[in-house]
Structure formats: C-alpha cells, structure tokens
Amino acid sequence: MTNDDRFERGQRALAAIDGEAGQAVIDSLADIAPDFARYVIEFPFGDIYSRPGLDVKSREVATIAALTALGNARPQLKVHIHAGLNVGLSQDEVVETIMQMAVYAGFPAALNGLMAAKEVFGERE
C-alpha cells in the first residue's frame with residue numbers, strides 16, 4: 001500500500017465521518033503545517049478509522065469518550081460530537097457517553113463535555 005492509497009482512503013473517511021468540520025481542521029493547518037494535515041488524513045482516517053473490527057459509530061463513541069476524559073480537547077471533542085451525529089449516533093447516545101466519563105474522568109470533565117455537546121446540538125438545529 002502506498003502513501004497515496006492511505007491518503008485517498010483517509011480523505012474518503014474524513015469526508016464521510018467528519019464532513020465540513022474535519023475539512024476545516026485540515027484547511028486550518030495548510031499555512032502552518034501542511035505535512036501534519038496529511039498525517040491527520042493518512043494515519044487516523046486512512047489507517048485506523050478504515051480498519052475492520054469496529055463500526056464507525058463505535059469508533060466515534062470511543063473517540064468522544066476519550067476526548068471527554070482528556071478534558072483539554074474541546075475543539076476536537078466538538079468535531080467528533082458532530083462526527084458521531086453524522087454517522088448515526090443520537091443526541092441521547094452522545095450525552096450518555098459523556099455522562100459515563102464522570103465515573104472515570106470526573107465530574108468536571110463530564111460537565112465540560114456536556115457543555116460542548118450542548119453547543120454542537122445548538123449549532124445543528
């Protein structure tokens with residue numbers, strides 16, 4: 001497999017999962033780190049998201065949970081809440097995923113995640 005294959009597969013996955021929000025992240029890197037933008041397309045989307053074993057909804061649940069638990073990745077969390085909704089998660093499933101993180105990452109992380117979700121839901125109305 002060539003890097004071009006990874007890039008093209010990653011572009012398709014990025015468009016299908018993150019849509020405009022994902023492309024906005026890639027575009028924002030063009031003037032400062034275009035190579036990093038390519039890495040974002042190739043590795044997470046071309047290699048990991050494209051693997052068999054988990055469906056894309058499960059991958060987004062895991063991603064939303066991880067970003068919530070980190071507690072310091074609000075912009076990325078919002079992109080992936082959008083992505084979760086894009087691939088078929090309901091708002092209730094997003095909220096429950098974030099609430100679950102109160103057990104493992106603490107109430108502040110879950111509260112911040114819920115506020116990010118509230119913003120995303122409002123943007124989509």
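Buried means under 20% relative accessible area, exposed over 50%, and partly exposed in between, with a 1.4 Å probe and protein chains only. By that cut-off, the buried residues of helix 6 are Val94, Thr97, Ile98, Met101 and Ala102. Helices here are DSSP runs of H or I with at least four residues, numbered from the N terminus.

This is a predicted model, in which local features need pLDDT of at least 70, side-chain atom pairs count only at pLDDT 80 or more, and totals for chains, interfaces and linings use all residues. Residues are numbered from 1 along each chain as its sequence is written, and side-chain values use heavy atoms, with hydrogens and water left out.

Helix 6 has 15 residues. From first C-alpha to last, helix 6 reaches 21 Å, close to the 21 Å expected at 1.5 Å a residue. The expected span is 1.5 Å times one less than the number of residues in the helix. The cover over the buried residues of helix 6 includes helix 4, helix 5 and helix 7. Contact means heavy atoms within 4.5 Å. Just after helix 6, Gly106 has a positive phi of about 100 degrees.

Helix 5 has 13 residues and reaches 18 Å between its first and last C-alpha, close to the expected 18 Å. Its buried residues are Leu77, Lys78, Val79, His80, Ile81, His82, Ala83, Gly84 and Leu85. They pack against helix 1 (3-17), helix 2, helix 3, helix 4, helix 6 (91-105) and helix 7 (107-124). Just after helix 5, Gly88 takes a positive phi of about 115 degrees.

**The largest pocket**

The largest pocket holds about 290 Å³ of space. Its lining has 16 residues, and the closest to the pocket centre are Val25, Val40, Phe45, Gln76 and His80. Helix 2 (19-28), helix 3 (34-48), helix 4 (56-70) and helix 5 (74-86) are the elements that each give two or more residues to this lining. Helix 3 gives the most, with four residues.

On a 1 Å grid over the protein atoms alone, a pocket is an open set of points with protein on both sides within 12 Å along at least five of seven lines; a cavity is a set where a 1.4 Å probe fits but cannot get out, and lining residues have an atom within 4 Å of a point. Grid points are joined across faces, edges and corners, and the volume is the space filled by probe spheres set on the points.

What is the make-up of the lining of the largest pocket? Eleven residues are nonpolar, four polar and one charged. Ala, Val, Leu, Ile, Met, Phe, Trp, Tyr, Cys and Pro count as nonpolar, Asp, Glu, Lys and Arg as charged, and the others, Gly among them, as polar.

**The aromatic pair**

The whole structure has one aromatic pair. Phe45 and Tyr49 form this pair, which is stacked, at 4.8 Å centre to centre and 10 degrees between the planes. Rings of Phe, Tyr and Trp (its six-membered ring) pair if their centres lie within 6.5 Å; planes under 30 degrees apart count as stacked, over 60 as edge-to-face and the rest as tilted. Both Phe45 and Tyr49 are buried. Phe45 is also among the residues closest to the centre of the largest pocket.

| Residue | Relative accessibility | Class |
|---|---|---|
| Gly19 | 23% | partly exposed |
| Glu42 | 6% | buried |
| Gly46 | 1% | buried |
| Lys57 | 32% | partly exposed |

The contacts below leave out residues up to four places away in sequence.

Gly19 lies in helix 2. Gly19 counts as partly exposed because its relative accessibility is 23%. Gly19 touches Leu14 and Asn86.

Helix 3 holds Glu42 and Gly46. Glu42 is in contact with Asn3, Arg6, Phe7 and Asp47. Gly46 touches Arg6, Arg9, Gly10 and Ile41. The C-alpha atoms of Gly46 and Asp5, 41 residues apart along the chain, are separated by 8.1 Å.

Lys57 is in helix 4. What does Lys57 contact beyond its neighbours within four places in sequence? Its partners are Val87, Gly88 and Leu89. Between Lys57 and Gly46, eleven residues apart along the chain, the C-alpha separation is 17 Å.
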